[in-house]
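Work through the exercises below with the sequence and the structure open beside you. Try each task before reading its solution.

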Amino acid sequence: AEENAYMESEQYILKKLHDIIIPELKFGPPETISDAIDFFKQASMDFDRKEIPMEQRGLSFMLKLSSKTYNEIPYGPLIAPTIPTVEAHSICMWDALKLVCDATGMKFYVRGYWVWIVPLVDPISPNNDKGK
């Protein structure tokens, strides 16, 4: 029963990603993927269905950044990729995430109650079609 609820939550999140429409999306240097995630958190609340109570609106995001590596051993600070100039109007959250992830070498997927944003070469992310 718990796994069913978990899968249903993923379907609910996937539906929200397609249903939430962002009127205007605009990023560019020096903004990073972290800034985009902050924007997506707020936009998911602002543009979620109005009949949903405010405390239940929006989506939860988890950002995993990579660190610099030397011979596969991490060193140095985590790297938040800078977003090149991207713009869109009346774009669904799914497409907005895809646009920003493509521009920054990241990818996203839905797992449980969260939208995960990870490096494109993240070895831990699931290999499925629930995300980009």
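The exercises that follow concern a predicted model.

**Exercise 1. Two helices**

Task: Find how the axes of helix 2 and helix 3 are arranged, and which residues meet.

Solution: 
- Step 1. Locate the two elements: helix 2 covers residues 33-46, and helix 3 covers residues 93-104.
- Step 2. Compare the axes. They come within 11 Å and cross at roughly 175 degrees.
- Step 3. Classify the angle. Angles over 145 degrees count as roughly antiparallel, and helix 2 and helix 3 are therefore roughly antiparallel to each other.
- Step 4. List the contact. From helix 2 come Ile33, Ala36, Phe40, Ala43 and Ser44; these meet Met93, Ala96, Leu97, Val100 and Thr104 of helix 3.
- Step 5. Sort the contact of helix 2 with helix 3 by class: eight residues are nonpolar, two are polar and none is charged.

**Exercise 2. A cavity**

Task: State how many cavities of 30 Å³ or more there are, and describe the lining of the largest cavity.

Solution: 
- Step 1. Count: there is one cavity of 30 Å³ or more.
- Step 2. Give the volume: the largest cavity has about 30 Å³.
- Step 3. Name the lining: Tyr12, Lys15, Lys16, Asp19, Asp48 and Arg49 surround the largest cavity.
- Step 4. Sort the lining of the largest cavity by class: one residue is nonpolar, none is polar and five are charged.

**Exercise 3. A pair of rings**

Task: Decide what kind of aromatic pair Phe27 and Phe39 form.

Solution: 
- Step 1. Search the whole structure: seven aromatic pairs are found.
- Step 2. Take the pair of Phe27 and Phe39: the ring centres are 5.4 Å apart and the planes are at 90 degrees.
- Step 3. Planes over 60 degrees apart count as edge-to-face, so the pair of Phe27 and Phe39 is edge-to-face.
- Step 4. Phe27 belongs to strand 1 (residues 21-27) and Phe39 to helix 2; the two are 12 residues apart, and the pair links distant parts of the chain.

**Exercise 4. Backbone angles**

Task: Where is Pro30 found, and what is phi of Ser90?

Solution: 
- Step 1. Pro30 is in the loop between strand 1 and helix 2.
- Step 2. The peptide bond that joins Pro29 and Pro30 is cis, with omega about 10 degrees.
- Step 3. Ser90 is in strand 5 (residues 86-92).
- Step 4. Phi of Ser90 is near 50 degrees, which is a positive value in a residue other than glycine.

Methods: Residues numbered from 1 in each chain as written. Predicted model: local features only at pLDDT ≥ 70, side-chain atom pairs only at ≥ 80, totals over all residues. Heavy atoms only, no water. Axes fitted to C-alpha atoms, helices over the stretch in contact; angles between N-to-C directions. Helix = DSSP H or I, 4+ residues; strand = E, 2+ residues; numbered from the N terminus. Parallel < 35°, antiparallel > 145°, perpendicular 65-115°, else oblique. Contact = heavy atoms within 4.5 Å. Nonpolar A, V, L, I, M, F, W, Y, C, P; charged D, E, K, R; others polar. 1 Å grid on protein atoms, 1.4 Å probe; cavity = no way out; pocket = protein on both sides within 12 Å on 5 of 7 lines; lining within 4 Å. Points joined across faces, edges and corners; volume = space filled by probe spheres on them. Phe/Tyr/Trp six-rings, centres within 6.5 Å; stacked < 30°, edge-to-face > 60°.
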